[in-house]
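Reader: I have a model open and want to go through it. Can you take me over the main features?

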Amino acid sequence: MPLLREPHPPPLAPPPWILPSLFAAFNVVLLLIFSALFFAFPCRWLAQNGEWVFPIVTGPLFVFTFFSLVSLNFSDPGILHQGSNEQGPMTVHVVWVNHRAFRLQWCQKCCFHRPPRTYHCPLCNICVEDFDHHCKWVNNCIGHRNFRLFMLLVLSLCLHSGAMLVTCLIFLLRKTQQPLYIDKVVAIVVAVAAAGFLVPLSLLLLIQALSVSAAERSCEGKCRYLQGYNPFDHGCASNWYLTICAPLGPKYMAKAVWLQRVVEPDWVPTQKLHFPMCPSGSVTQSSLGLGLVTSPNLWLSTNQ
């Protein structure tokens, strides 16, 4: 009988998270490279000539920016737990936010009804509370739990880029009469890169500041609510406080895992309990209870 060669298995495709993760790591390396060139050449020359104000200002800005960038890469955007397949999309859940009724949308991937302003990210395959957008620069979603860290990163990047640009320009002005050499070349390269990053970052910071003031989210685009007002808008000062300064509370995942413990004999299903809700009351995003989105397989103790 003729011998047949076994077909070679097809080459394995890289996991879908490899390229986004490499791109996020490349951004961290890019920040390190340009900052190292800046501190090694123009900033070093200014410090050697007695102008220590430049490293004193730019040094802490770099540390602050690097810490914010790395922290945002591994931060929790506000992931909501995955529900149960027993729960179906036919059940209707309605919550009220400042006299506005919101029907909770069913997520087919996570199998639970999403609270208002909670969306499913197709890139991360998770539902994020108070979802704003998916940031490809850090390969992470921006949501309820890390939005203030995202704003901190954009602000620190703007300040760091502006400080590097000003320092390089001052260095080039001091070296105008001297011929072109490696210090001036590096200063020009760093200044061009800093200016190139500063313009879009400043625009992004302005857009995000306007969104926070109006209590809007980037994923909502230009859509407006049917009655012409935003029920999540509490005024400019309150919006900034709720977004930047208000306590985040315990992580949702920890509470969901606690509820999914082994059922004891004295436990009853949540369907037998009634959670009163006043339609005319004001319910904020953080006050949407877990009972609104829990699955039928979650149980609540009657001893508490």
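Predicted model: local features only at pLDDT ≥ 70, side-chain atom pairs only at ≥ 80, totals over all residues.

Reader: Fine. How many helices and strands are there in the protein chain?

Author: The protein chain has seven helices and 10 strands. Both are DSSP runs numbered from the N terminus: helices are H or I with at least four residues, strands are E with at least two.

Reader: And what percentage of the residues count as buried?

Author: Of the 304 residues, 41% count as buried. Buried means under 20% relative accessible area, exposed means over 50%, and partly exposed is in between, with a 1.4 Å probe and protein chains only.

Reader: What about contacts between residues at least 6 apart in sequence?

Author: Among those, 69% join residues at least 24 apart. A contact means heavy atoms within 4.5 Å.

Reader: Core next. How many residues has the largest nonpolar core?

Author: That core has 29 residues, and L72 and F150 have the most contacts inside it. Helix 1 (18–40), helix 3 (53–73), helix 4 (147–174) and helix 5 (182–213) each give two or more residues to this core. The largest share, 11 residues, comes from helix 4. A nonpolar core here is a set of buried Ala, Val, Leu, Ile, Met, Phe, Trp, Tyr and Cys residues joined through side-chain atoms within 4.5 Å.

Reader: Which residues does L72 touch?

Author: Not counting residues up to four places away in sequence, L72 touches V138, N140, I142, N146, L149, F150 and L153.

Reader: Which residues are buried in helix 3?

Author: In helix 3 the buried residues are F54, P55, T58, G59, L61, F62, T65, S68, L69, L72 and N73. Their cover includes helix 1, helix 2 (42–48), strand 8 (140–142) and helix 4.

Reader: What span should helix 3 have?

Author: Its 21 residues should span 30 Å at 1.5 Å a residue, and the end C-alpha atoms are 31 Å apart, which agrees. The expected span is 1.5 Å times one less than the number of residues. Helix 5, with 32 residues, reaches 46 Å from its first C-alpha to its last, close to the 46 Å expected.

Reader: Changing topic: how much space lies in the largest pocket?

Author: About 570 Å³. Its lining has 25 residues, of which N27, W137, L157, F197 and L201 lie nearest the centre. A pocket is an open set of points on a 1 Å grid over the protein atoms alone, where a 1.4 Å probe fits, with protein on both sides within 12 Å along at least five of seven lines; lining residues have an atom within 4 Å of a point. Grid points are joined across faces, edges and corners, and the volume is the space filled by probe spheres set on them.

Reader: Which element gives the most to that lining?

Author: Helix 4 does, with seven residues. Helix 1, strand 7 (133–135), helix 4 and helix 5 each supply at least two. The lining divides into 18 nonpolar, six polar and one charged. Ala, Val, Leu, Ile, Met, Phe, Trp, Tyr, Cys and Pro count as nonpolar, Asp, Glu, Lys and Arg as charged, and the others, Gly among them, as polar.

Reader: Is C111 buried or exposed?

Author: C111 counts as buried because its relative accessibility is 11%. D130, in the loop between strand 6 (126–128) and strand 7, also has a positive phi, about 55°.

Reader: Last one. Which residues does F41 touch?

Author: F41 touches I182, D183 and V186, not counting residues up to four places away in sequence. F41 lies in the loop between helix 1 and helix 2, and counts as buried at 18% relative accessibility.

How values were computed. Residues numbered from 1 in each chain as written. Heavy atoms only, no water.
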